[in-house]
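Good morning. Please have the sequence and the 3D view open while I talk. I will go from single residues to the whole chain.

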Amino acid sequence: MSSEPSQDGDVQPQKPLHELLSNTLVDIYVGEENNHYPLHEKLLCYHSPFFASIFYNKSNKSSRTKEFGLPELDDNVFALFVGWLYSRAIRSPEEERDIGPLLDLYFLAAKLQITSLETEIVEIVRAFYHHNETYPGLRRVQYVYANTEEDNVMREMMVGSVARYLTLADSIPEHWAKALKKNGQLSVDIIRSIQEWHLEARQVPDARDASVDRERNTFKGPVGFSAVEEGHSEMQDVKEEEGSEGETDHVNGNGVA
């Protein structure tokens, strides 16, 4: 049986679904069209401190009416949440475009304060990129940055992946170079991620040592320190068809298009 942290930080086993299907239902209205979701109050509030603070707060009008609206939310994302709420399962992504809806569900889980769901989604996304030997593309990373704050697990996982990709690449792709120049926080986070590798000094080339060959001359000709890839490197970018937040690219770790 799965478990999750309690309010005091201790890990508690999850209650089985049948114990949470109380007689009391609450009415959640989602999106501009107010799509109606009748949900079991005890189940919803057990998993979501956000909803517990609404429906278990006697001074709150919603605790009396048992109604609450989320007009700013996307109905499709909330439907994914409801599916998880009653099944405790998330469908694994089959291709990169499936990552977009998972990220939207992750942002919703953060809003609803469901840490266990956030953690589960991070692991699913991590496993997808690792299993397929790919890396998150720039637009995926930008989307996460636009919807999260510092010290966020999804942001940390994606930045760590990008740090590895850029470190192992033979040059910086042009679109990444432009993004790093504009987004100082992303650049700093990548450096921090590399620092967390805790490399031994002997593993890192020392530019102060005159005997170290920086390999500026390659079979392609002289390569300067600030070389930016305008075409494709050995770790080639692969463009993905339109996802949930627009056209998204991801990077194949094997350089296979």
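Where is the place of Asn 34? Asn 34 sits in the loop between β3 (25–30) and β4. Helices (H or I, at least four residues) and strands (E, at least two) are DSSP runs, numbered from the N terminus.

Before going on, a word on the source. This is a predicted model, in which local features need pLDDT of at least 70 and side-chain atom pairs count only at pLDDT 80 or more, while totals for chains, interfaces and linings use all residues. Residues are numbered from 1 along each chain as its sequence is written, and side-chain values use heavy atoms, with hydrogens and water left out.

Asn 34 is not a glycine, yet its phi is positive, about 50°. Most residues other than glycine have a negative phi. With a relative accessibility of 45%, Asn 34 counts as partly exposed. Buried means under 20% relative accessible area, exposed means over 50%, and partly exposed is in between (1.4 Å probe, protein chains only). Arg 88 also has a positive phi, about 55°, and is not a glycine. Arg 88 is in the loop between α4 and α5 (99–111) and is partly exposed at 28%.

Next, the aromatic rings. How many aromatic pairs does a search of the whole structure find? The search finds 11. Rings of Phe, Tyr and Trp (its six-membered ring) pair if their centres lie within 6.5 Å; planes under 30 degrees apart count as stacked, over 60 as edge-to-face, and the rest as tilted. Take Tyr 37 and Phe 78: the ring centres are 5.0 Å apart and the planes are at 65°, so this pair is edge-to-face. Tyr 37 is in strand β4 (residues 35–40) and Phe 78 in helix α4 (residues 75–87), so the pair ties together parts 41 residues apart in sequence. Both Tyr 37 and Phe 78 are buried. Phe 50 and Phe 51 are also edge-to-face, because their centres are 5.2 Å apart and their planes at 80°. Phe 50 is buried at 17%, and Phe 51 is buried at 0%. One aromatic cluster is formed by Tyr 37, Phe 78, Phe 81 and Trp 84.

Now Leu 44, in helix α1 (residues 41–47). Is Leu 44 buried or exposed? Leu 44 is buried, at 0% relative accessibility. Setting aside neighbours within four places in sequence, Leu 44 is in contact with residues including Val 26, Phe 51, Phe 81 and Leu 85. Contact means heavy atoms within 4.5 Å. Leu 44 and Leu 85 are 41 residues apart in sequence, and 7.4 Å apart in space from C-alpha to C-alpha.

Finally, the whole protein. The secondary structure comes to 10 helices and 12 strands. Of the 257 residues, 40% count as buried. Among contacts between residues at least 6 apart in sequence, 59% join residues at least 24 apart. The protein exposes about 15500 Å², and carbon and sulfur atoms supply 49% of that area. Accessible areas come from the Shrake-Rupley method with a 1.4 Å probe; for residues, only the protein chains shown count as cover.

That is the end of my part.
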